[in-house]
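Hi,

Here is the structure I promised to pass on. Have a look at it first, and then read my notes below.

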Amino acid sequence: HVKLQPIDFSTKGVFVCGLAHSPKPVDEAIAQGLGAASRASVILSKDNTTVEGIVSHVDEHLCRGCGECVQACPYGAIEVEDRKEDKKVAHVQEALCKGCGACSVACPTGAASVFHYEDQEVLTMVEAALN
């Protein structure tokens, strides 16, 4: 956000500053560069980081490795990995996932879904709202 978080990118842990943000005077570019370096040092100084609880996962038994979820993911959090016996399976990197559910929609077999938002759970919420 231009006013609230001017150096934060939409992907967590990525920062934008200076001319990459927009044309600006040198003093503003320097100030943004210092801010981005400061924000990055906070993340890098920690031993570990916590991720959101609402992230996608892939059921390896249902996944056929087609890669539709990889193409649908706007955050690049999914990659197709080779498993034994020449089987390919999608794998979600939880640290990159934002839980948007785009992979779940794109998956033709239903192998990809978001924790706590499986089909049955959502249908239960809809039924409760209608009663």
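Let me start with a term: a nonpolar core here is a set of buried Ala, Val, Leu, Ile, Met, Phe, Trp, Tyr and Cys residues joined through side-chain atoms within 4.5 Å. Buried means under 20% relative accessible area, exposed means over 50%, and partly exposed is in between (1.4 Å probe, protein chains only).

Some housekeeping before the findings. This is a predicted model, where local features need pLDDT of at least 70 and side-chain atom pairs count only at pLDDT 80 or more, while totals for chains, interfaces and linings use all residues. Residues are numbered from 1 along each chain as its sequence is written, and side-chain values use heavy atoms, with hydrogens and water left out.

The core

The largest nonpolar core has 15 residues, and V58, C63, I78 and A90 touch the most other members. Strand β3 (residues 87–92) gives the largest share of this core, three residues. In general, nonpolar side chains in soluble globular proteins tend to be buried together. If you click on A90, you'll find V58, C63, C69, I78, E79 and V80 in contact with A90, not counting residues up to four places away in sequence; contact means heavy atoms within 4.5 Å.

The chain as a whole

There are four helices and four strands, in the order α-β-α-β-β-α-β-α from the N terminus on. Both kinds of element are DSSP runs numbered from the N terminus (helices are H or I, at least four residues; strands are E, at least two). The radius of gyration of the chain is 19 Å, whereas a compact globule of 131 residues would be near 14 Å; that radius is taken over C-alpha atoms, and the globule rule is 2.2 Å times the number of residues to the power 0.38. Along the principal axes, the C-alpha atoms fill a box of roughly 55 × 50 × 30 Å. Buried residues account for 23% of the 131. Of the contacts between residues at least 6 apart in sequence, 56% join residues at least 24 apart.

- Q32 sits in helix α1 (residues 26–44). Q32 is buried, with a relative accessible area of 12%, and beyond its neighbours within four places in sequence it is in contact with P6, I7, C17, G18, H21 and K24.
- S56 is in strand β1 (residues 56–58) and is buried, at a relative accessible area of 2%. Leaving aside neighbours within four places, S56 is in contact with V92, C97, C103, S113, V114 and F115. S56 and S104 are 48 residues apart in sequence, yet 7.8 Å apart in space, C-alpha to C-alpha.
- A72 belongs to helix α2 (residues 68–72) and is partly exposed, with a relative accessible area of 28%. Its contacts, apart from neighbours within four places in sequence, are A102, C103 and A106. A72 and V26 are 46 residues apart in sequence and 38 Å apart in space, C-alpha to C-alpha.
- H116 is in the loop between β4 (112–114) and α4 (119–130). H116 has a positive phi of about 70° although it is not a glycine, and H116 is exposed, with a relative accessible area of 52%.

Cheers
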